[in-house]
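Reader: I would like a close look at one part of this model. Please keep it brisk.

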Amino acid sequence: MRDQDTSHATLGKAADENFPVAPFFLPRAWRDDLMAVYGFARLVDDIGDGDLAPGGADARLLGVAPERAGDRLALLDAFETDLRRVFDPAGDGPHHPLLRALVPTVERCGLPPEPFLGLIAANRQDQLVSRYETYDDLLAYCELSANPVGRLVLGITGTATPERIRRSDEICTALQIVEHLQDVAEDLARDRVYLPAEDLKRFHVTVDDLAAPTAGASVRALIAFEAGRARDLLDSGVPLVGSVRGRLRLLLAGFAGGGYAALDAIAAAGFDVLPGPPKAAKPSLIRRAGAVLLTARKEG
């Protein structure tokens, strides 16, 4: 696979996300910057999940020897090394095309390395930690795996403030939890369980219960409980939408609306997420985003 084909395959996954990544109504510069950040985030997740395109092109671009192309920690280390080249103006620049595409965005928007390093750290943690004992442990993981994305969006649009960052973190953590709920079966196939162990115990759910073809009453109750937590986080974070104006408000409403629509889909499935991820239909996402916008107008 050619280098350019590798990048296109990664960026093409944007259409499958729960929320619009870089919708048409945004200014071209924002769309380009958001897609550059998405390319980074998608690639680091694909490395962490073992979902890289076949053929070893990404490993080769990152300088990882062919015999180590399946070593996720080695790939993540090499990816971090290449990321640091993005922030080194005196160097020869990053080697991977998706990181080369990130350079203009970082320079134009003055983005710091910390959010990018957080996303790499989250995927490194995925290789070492497969269970989370408490909800607080899960929130700490989301601080690495999800919250940097919202902070980068605020950085790209020049709208970051401490209050907006706090609200953004709540929305991003909610979206991460929703994704975990949708992907319980898929994550378990990778020997990962993101549902807190203390909650499994509370609802008398075992890992074997999560491996069943369909969810029993206890699993459904557990999923409903975690979905309620995600909904509360979304509700708390949604004032972020009303704090901004114009097309950015539309974008953030799309993010939040995507989370609500996904939660609606989980509820419509009777909280049985085991047969496969409940996905929201596009009309549901549009309705939910519209409702978020209406609330933002009333509060603004």
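Is Glu133 buried, partly exposed or exposed?

Author: Glu133 is partly exposed, with a relative accessible area of 44%. Here are the terms. Buried means under 20% relative accessible area, exposed means over 50%, and partly exposed lies in between (1.4 Å probe, protein chains only). Accessible areas come from the Shrake-Rupley method with a 1.4 Å probe, and for residues only the protein chains shown count as cover.

Two notes on the source. This is a predicted model, where local features need pLDDT of at least 70, side-chain atom pairs count only at pLDDT 80 or more, and totals for chains, interfaces and linings use all residues. Residues are numbered from 1 along each chain as its sequence is written, and side-chain values use heavy atoms, with hydrogens and water left out.

Where is Glu133? It sits in the loop between α7 and α8. Helices are DSSP runs (H or I, at least four residues), numbered from the N terminus. Glu133 also belongs to a surface patch of negative charge, together with Asp136, Asp137 and Glu198. A patch takes residues with over 30% relative accessible area and no salt bridge, and joins like charges within 9 Å. A salt bridge is a side-chain nitrogen of Lys or Arg within 4 Å of a carboxyl oxygen of Asp or Glu. Asp and Glu count as negative. The place of a charge is CG of Asp or CD of Glu.

Now turn to helix α9, residues 147-157. Of its 11 residues, 8 are buried, so α9 is largely enclosed by the rest of the structure. Among the buried ones are Asn147, Pro148, Leu152 and Ile156. Their cover includes α7 (114-128) and α8 (135-145), the helices on either side of the Glu133 loop. It also includes α2 (28-49), α6 (102-109), α10 (162-182) and α16 (246-268). After α9 comes Gly158, with a positive phi near 65°.

Most residues other than glycine have a negative phi. Asp191 is not a glycine, yet its phi is positive, about 60°. Asp191 is in the loop between α11 (184-189) and α12 (197-202), and is partly exposed at 44% relative accessibility. His204 also has a positive phi, about 55°, without being a glycine. His204 lies in the loop between α12 and α13 (207-210). His204 is exposed, at 65%.

Val273, between α16 and α17 (282-299), has 0% relative accessibility and counts as buried. Leaving aside neighbours within four places in sequence, its contacts (heavy atoms within 4.5 Å) include Val184, Ile223 and Pro278. Val273 and Val184 are 89 residues apart in sequence, but 6.9 Å apart in space, C-alpha to C-alpha.

Conventions:
Helices (H or I, at least four residues) and strands (E, at least two) are DSSP runs, numbered from the N terminus. Patches are made of residues with over 30% relative accessible area and no salt bridge: like charges are joined within 9 Å, nonpolar side chains (Val, Leu, Ile, Met, Phe, Trp, Tyr) within 5 Å.
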